[in-house]
Amino acid sequence: MEKMLVTAKSGRTYTVYVQGDLSKADSRAVFFTVHDMGSNHSSWVEFVEHPVMKETKDRSVFIHVDIPGQEDGAPDLPNDYVFPTMQMIAEDLVAVVNHVNVKLVIGLGEGAGANILARFGMAYPEHCMGLVLIHCTSTTAGVMEHFKDKIISWKLNNVGMHPTAEQYLIFHKFGHQLDSAENKEHLIKEYQDRLQSKINPKNLRKYVEAFLKRSDLSGKLESKLSVETLLVTGAKASHVHTVHTMHQNCNKQKASLLKIDDVGDVLAECPEKFAQSLQLFSKGLGVLTSLPLSGVERQRTFSGSSTDDEARPRRQRTMSMEEYDTPNLRRFSFSSTPTPAN
């Protein structure tokens, strides 16, 4: 896996990991991931390495971004470091896309990372083929969330990975009714071990605070979120209601909602279901069209957003699978570059 450092115009530097052959990005699906609080790129790498993702991985390139200070074993951010807002991070991400010289990406975000990618898709639709957002919220923090996050921020800042902070982050990740989650002890223990041994608590506090102070996107979604978007949540997730609220504010011609029953953490508890939904969504965008889906009838489109002829030329016997999977960039051309959202 290739590792690189990318510095945005803001002067902030991001650690980027490339999974796959970047030299073939023009002929493959390119996924762009941003992680949640209490994690980093490794959560997405683990999902991509799951056996159910093998054929998708072999046909794709994954670009993973770590939020500043969230890398494994990261040193404390400097005392004078001004941690960016959710919107600032979203606007910095275009530097990553430009650095790797990729025309279009499919955003994959979870939690706070999903909020960031929603902003990225609104600000730079010319770089965004589509978005798959897990447990994404478009509203500001409510009173109870604000109260809890303030306590957690204090705990992380003053005494390291305090049990109270750890328990809150576990709830944020796994959601309600943990006692009924399959393999819950194993999943939670793994997450606890990572929090205690890999993630810098002082740096994590800054990410938590930035998420707490997020601005409201709800009023802009219908007009500015113009890319195809799949909102995903578990029925037992801690933010399930806010995901529903976000969907209600989106343009229904562009956004779909997938709620998975009996699940809190989508990536950890049901990677098979999520992988299949991701593959179907990608096919609807005109990429990974040769990818076989177990138990699902082979098809070209996920939604009625375009016809087969518009999305991709008819398959000829002489076309290779790689040629057949190559994205048709004409579908995603824009006449002008929009101004980033405030």
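1. Buried means under 20% relative accessible area, exposed over 50%, and partly exposed in between, using a 1.4 Å probe and protein chains only. By that rule Thr289 is buried, with a relative accessible area of 5%. Thr289 sits in the loop between helix 12 and helix 13 (308-311). Helices (H or I, at least four residues) and strands (E, at least two) are DSSP runs, numbered from the N terminus.

2. A word on the model. This is a predicted model: local features need pLDDT of at least 70, side-chain atom pairs count only at pLDDT 80 or more, and totals for chains, interfaces and linings use all residues. Residues are numbered from 1 along each chain as its sequence is written, and side-chain values use heavy atoms, with hydrogens and water left out.

3. Now the overall picture. The protein has 14 helices and 8 strands. Of its 342 residues, 56% are buried. The accessible surface is about 15200 Å², by the Shrake-Rupley method with a 1.4 Å probe, where for residues only the protein chains shown count as cover. Carbon and sulfur atoms account for 50% of that surface. Contact means heavy atoms within 4.5 Å. Among contacts between residues at least 6 apart in sequence, 74% join residues at least 24 apart.

4. Two strands pair if DSSP finds at least two bridges between them. Strand 1 and strand 2 (residues 13-19) are antiparallel, over 6 bridges. Val18 in strand 2 is the bridge partner of Glu2.

5. Phe31 has a bridge partner in each neighbour: Phe62 in strand 4 and Ile106 in strand 5.

6. Helix 3 (residues 86-99) has 14 residues. Its first and last C-alpha atoms are 21 Å apart, close to the 20 Å expected at 1.5 Å a residue. That expected span is 1.5 Å times one less than the number of residues. Helix 3 is mostly covered, with 10 of its 14 residues buried. Among them are Ala90, Leu93, Val94 and Val97.

7. Which residues does Phe120 touch, not counting residues up to four places away in sequence? They are Phe32, Ala90, Leu93, Val94, Val97, Val105, His127 and Cys128.

8. A nonpolar core is a set of buried Ala, Val, Leu, Ile, Met, Phe, Trp, Tyr and Cys residues joined through side-chain atoms within 4.5 Å. The largest one has 57 residues. Phe32, Ile63, Ile116, Phe120 and Leu133 have the most contacts inside it. A second, separate core has 28 residues, including Ala29, Val48, Val266 and Leu291.

9. Finally, two backbone points to check. Most residues other than glycine have a negative phi. Asn101 has a positive phi of about 60° although it is not a glycine. Asn101 lies in the loop between helix 3 and strand 5, and is exposed, with a relative accessible area of 63%. His135 is not a glycine either, and its phi is positive, near 55°. His135 lies in the loop between strand 6 and helix 5 (143-159). His135 is buried, with a relative accessible area of 7%.
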